[in-house]
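Open the model in your viewer and keep the sequence panel beside it. The stops below are given as selections, each followed by what is found there.

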Amino acid sequence: MKALYLDCYSGISGNMFLAALLHLGVDERAWRAQIARLPLGEFEVRVAPVLKNGIAALYAEVLYPPQHAHRGLAQVMEIVRRAELDSAVETRAERIFRRLAEAEAQVHGTTVERVHFHEVGAVDSIVDVVSAALLLEMLEADHVCASAVRTGHGTTRAAHGVIPIPGPATSLLLRGIPSYAGDVERELCTPTGAAILAVCAERFGPQPLLEVERVGWGAGSWDLPMPNCLRAVYGTALETPAPAPGAWEEQLVLELECHVDDMAGEELGFLQERLLTAGALDVVFAPAQMKKNRPATLIRVLAPPQSEEQMLRELFLHSSSLGCRVRRERRVALLRERVRVETAWGQVDAMRTVFDGTDRLHPEYEDCAALARAHGLPLAQVLAAARQGRVL
């Protein structure tokens, strides 16, 4: 089993990821031949060796004529499809772009269908995302994991003006991923880098037990006291992440609950968005009957135990509730492994659980939906095939 570990001690961006994998030794000529198929007009990817604080690395830069087009998700994916890349590459690229679209839509208060990328819709970002999907496929890593992400702090200028670091979309994309600001007043983690991690990395923390074969360094744009690089470590996994039969883990979760009888559906939807953005694990609404025969809504929130103050703040700020019941509950969760599954139409990601001799696959919806769209198939057919597919 081969594994890729991404050391994000100095952040991550699309071009840092691209350069790090090329520095690992992925076939640059084969990658260029595939990328050249993107119908983006004139563009060039320059890859050059650089020194970062004395460390030899690669720096990648996409060059293209000035453009003013703001592309939507459908336009971006049409560009990817017209390149006629391998279905697994297309599926992974679509998942990354969809994550970006969902974050941008939430930030700007619109829908995924209506959101128009600014920086992300530019030629360089499209090349970076497609290259990430393509290079991962060429590397043939069975598992991808990463360190906590240093984001940097301060402010940066974007299409809508000056914004805080990490940017609003980056903050949403890093939800569920361990991150920290560090002491560098620069943008170290970009939305594209965060989206690549959110889609491709299975777990986060220290480097797992590896027999290291290659190390690649992808350089960023900054000159810092530390090397501004993404370090990619590739080798043979010496520990299996597969769950043991019947294995589970116990967790402590925070459960908050209240009733409201005077909130409109739109307000409840906004409340759910705010709670999830603040780090809630789940938000559930259920119909209820209150005193004076009033129909009401039960709001139940699951969140990490350390987030009590933030969850209460969001509830009281964005709901009409005057009080909330708070409990700490014991939760038992099956151990799971992220795997890649082969189907007749391409590969999909899935969660694998093993319990009491039963091995189950839970396919990734976005992957299956992308295959269903691409091949004109019912989603149910693709899901069924993925559940019975061969684990790679």
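The tour goes from strands to helices, then to cysteines and a few backbone details.

**Before starting**

This is a predicted model, in which local features need pLDDT of at least 70 and side-chain atom pairs count only at pLDDT 80 or more, while totals for chains, interfaces and linings use all residues. Residues are numbered from 1 along each chain as its sequence is written, and side-chain values use heavy atoms, with hydrogens and water left out.

Helices (H or I, at least four residues) and strands (E, at least two) are DSSP runs, numbered from the N terminus. Two strands count as paired if DSSP finds at least two bridges between them. Buried means under 20% relative accessible area, exposed over 50%, and partly exposed in between, with a 1.4 Å probe and protein chains only.

**Stop 1: strand S1**

Select residues 2-7, which are strand S1. Five of these six residues are buried, so S1 is largely enclosed by the rest of the structure.

**Stop 2**

Four strands form an open sheet in the order S18-S17-S16-S19, with antiparallel pairing. Strand S18 (358-363) and strand S19 (390-391) are at the edges with a single partner strand each, so one side of each has no neighbour in the sheet. Select residues 346-355 for strand S17, which is joined to S18 by six bridges. Arg352 has Leu361 in S18 as its bridge partner.

Next show helix H4 (residues 87-108), which lies across strand S16 (336-343) and S17. H4 runs at about 75° to S17. Axes are lines fitted to C-alpha atoms, for helices over the stretch in contact (heavy atoms within 4.5 Å), and angles run from 0 to 180 degrees between N-to-C directions.

**Stop 3**

Select residues 265-277, helix H8. The expected span of a helix is 1.5 Å times one less than its number of residues. For the 13 residues of H8 this gives 18 Å, and the end C-alpha atoms are 18 Å apart, which agrees. Show the side chains of Leu268, Leu271 and Leu275, which are buried. Seen down the axis, the buried residues of H8 fall within an arc of 55° (taken from the directions from the helix axis to the C-beta atoms), so they line one face of the helix. After H8 comes Gly279, with a positive phi near 115°.

Move to residues 308-318, helix H9, where Met311, Leu312, Glu314 and Leu315 are buried. These cover an arc of only 160° around the axis, which puts them on the same side of H9. Glu309, Arg313 and Leu317, on the other side of H9, are exposed.

**Stop 4: the cysteines**

How many disulfides does a search of the whole structure find? The search finds zero, a disulfide being a pair of cysteine sulfur atoms within 2.5 Å. For Cys8, the nearest cysteine sulfur is that of Cys189, 7.5 Å away. Cys8 is buried, at a relative accessible area of 0%. The sulfur of Cys145 has its closest cysteine sulfur in Cys8, 10 Å away, too far for a bond. Cys145 also counts as buried, at 6% relative accessibility.

**Stop 5: Phe204**

Phe204 is in strand S9 (residues 203-204) and counts as partly exposed at 26% relative accessibility. Leaving aside residues up to four places away in sequence, Phe204 touches Ala146, Ser147, Ile177, Pro178 and Leu197.

**Stop 6: backbone details in loops**

Most residues other than glycine have a negative phi, and most peptide bonds are trans. Select Ile165 and Pro166: the peptide bond joining them is cis, with omega about -5°. Pro166 is in the loop between strand S7 (161-165) and helix H6 (168-173).

Glu84 has a positive phi, near 55°. Glu84 is in the loop between helix H3 (73-82) and H4, and is exposed at 62% relative accessibility. Finish at Glu140, where phi is also positive, near 60°. Glu140 is in the loop between helix H5 (123-139) and S4, exposed with a relative accessible area of 60%.
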